[in-house]
Amino acid sequence: MNKAWWKESVVYQIYPRSFADSNGDGIGDLNGITSKLDYLQKLGVDVIWLSPVYRSPNADNGYDISDYEAIMKEFGTMEDYDRMLKAAHEHGIRVVMDLVVNHTSDEHKWFIESRSSRTNPKRDYYIWRDPVDGHEPNNWGSNFSGSAWKLDEKTGQYYLHLFAEKQPDLNWSNPAVRREVFDMMTRWCEKGIDGFRMDVISLISKPEGLPDAAVMGGGLYGDPNICANGPHVHEYLQEMRKTVLSRFDLMTVGECAGVTLEEAKKYANAAGTELNMVFQFEHVGLDGGDGIKWSTKKMPLVPLKENLSKWQNGLDGVAWNSLYFCNHDQPRIVSRLGNDSDQYRERSAKAIATVLHMMQGTPYVYQGEELGMTNYPWKSVDEFNDLESINGYYELTEKAGMKPEELFPMIAHKSRDNARTPMQWDDSDNAGFTTGKPWLAVNPNYRKINAKEQVARPDSVFNYYRQLISLRHSSELIVYGHYELLLPDDPDLFVYRRYLDDKELLCAANLSEHARTFDIPERFRSGRVLIQNMPEHDVRDGQIAPYEAYVLLKSE
């Protein structure tokens, strides 16, 4: 059993723009984060992962970086950052930074030089190609709709952008680019940060010759995932490990679009030659539409169990899992897998948290998830801020001919903006997030769903998360134990066991709106209840209520 602090930690993701605003400009900031460290310490998390706080023109909310070593003006100053980092460490909380190095902003000094002429020394820092028969070099699509190529009129060549036009892709095959990135990372590590979450890191090595990609059903362009797990990605990450990561005690997690189980064993191998863990996306894509991500479907439980179990068993002993349902790119899980009605919202939020936090891997909590925050009731595309949602709507209605009244509910359900509405701190105006006008609308349900109310109420979602996190901190079985799925074909019940040496626990949850019976295995009936979301119910009676969840420890 290879022990490590990052395996025993619980990570809390902060989306700074939406977390806490200290100066009334409607935008969250670093001083706002510092002011909420007591709250995070009370919750019990060990690590903060900060979405980008670097200087950026905000074409993609900070994932378009114009200076890796300066702070976005709306978020504060480097002095504010240093104070936040010091205060977090004083609270016993580590800080992981977002590393966005597949691309920069087109306002980064490297790109400004690169596009200035074909002979500029930094021309090869990015991926430039001549037109082919008067159009784009290949058929690749951007992840944010449209072509992945942009013609630069001045030099007559196209540059590659797998995301927005203002996010040109770096050319990782250039050793000078890798050296610039590794030097920048080293300076952040010397400042005292505790790790990196690496944005779309599986895309940094492009396929040789940049061939056309397959066009997905209903799409207009080739799939940008052709760049996932490219020919040199492991070589580059091993170089990163040798040059930077191995010199510090860090937590590293790679966002790996298109990653397979076999590839994950390379990225997150137990030998530690690359990263500690990866984010895979198979499970959060299960409620997608036909050839597009947009749909109003509920996340299907049987495929979800099958997928999560594949990763639990496939990485056991050879790599390490990250455990998540929510982040800044995913709609609220209680609205996808649970039930966000008044009757079942809290109970289903607790049930979903139970099945996730009892698995093997490092759990991630996204801001507001610990309150059971829900999707926003969008009424119009004009309310969105998210580029992916806006572009997807116009491309699919104007170019693909989808009916707006059919498409809008799908985009409203799956939009990334559902995760980005401001954090709901209390029942005062704007949920206590800001004294100004919030940059994105606050969910109107904040008067009943907010941190102040939940911290004070013992049976709240917040206090249930505290229990889950405390259990993980006290149990090697929960952190390191093996996993076995039970009842794989049951459409309502998510039941599995964990075992380590002679210790064993049973996790059971009913993720449906109707009561079920469940025959608890004999060896658990006399065991101890570690946690349950309906403490008034004797779980041993064989009945499991809608959205009920519990964990039993086998008696010694």
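Biologist: Why is E453 called partly exposed?
Modeller: In this predicted model, E453 has a relative accessible area of 30%. Buried means under 20%, and exposed means over 50%. The value for E453 lies in between, so E453 is partly exposed.

Biologist: What makes the contact of E453 with R457 a salt bridge?
Modeller: The closest N and O atoms are 2.6 Å apart. The cut-off is within 4 Å. The pair meets it, so it counts as a salt bridge. R457 has a relative accessible area of 22%, so R457 is partly exposed too.

Biologist: How do you know that R540 and D538 form a salt bridge?
Modeller: Their side chains meet at 3.8 Å, N to O. That is within 4 Å, so the pair counts. R540 is partly exposed at 34% relative accessible area. D538 is partly exposed as well, at 45%.

Biologist: Why are E262 and K265 said to be separated by about one helical turn?
Modeller: Both sit in helix α7, residues 261–267. They are 3 residues apart there, so about one helical turn separates them. K265 is partly exposed, with a relative accessible area of 27%.

Biologist: Why does N229 count as buried, but N430 as partly exposed?
Modeller: The line for buried is under 20%. N229 has 18% relative accessibility, so N229 counts as buried. N430 has 21%, so N430 counts as partly exposed.

Biologist: What is the phi of N229, and what is the phi of N430?
Modeller: N229 has a positive phi of about 55 degrees, although it is not a glycine. N430 also has a positive phi of about 55 degrees and is not a glycine. N229 lies in the loop between β9 (195–198) and α6 (233–243). N430 lies in the loop between α13 (417–420) and α14 (451–456).

Biologist: How do you know that β6 and β8 pair?
Modeller: Pairing needs at least two bridges. β6 and β8 (residues 157–160) are joined by 2 bridges, so they pair. They run antiparallel. R129 stands opposite Y158 in β8.

Biologist: In what order do the 3 strands of the open sheet stand?
Modeller: The order is β6-β8-β7, with antiparallel pairing. β6 (128–129) and β7 (149–152) each have a single partner strand, so both stand at the edges. One side of each is left without a neighbour in the sheet.

Terms used. Residues numbered from 1 in each chain as written. Predicted model: local features only at pLDDT ≥ 70, side-chain atom pairs only at ≥ 80, totals over all residues. Heavy atoms only, no water. Helix = DSSP H or I, 4+ residues; strand = E, 2+ residues; numbered from the N terminus. Buried < 20%, exposed > 50% of the residue type's maximum accessible area, 1.4 Å probe, protein only.
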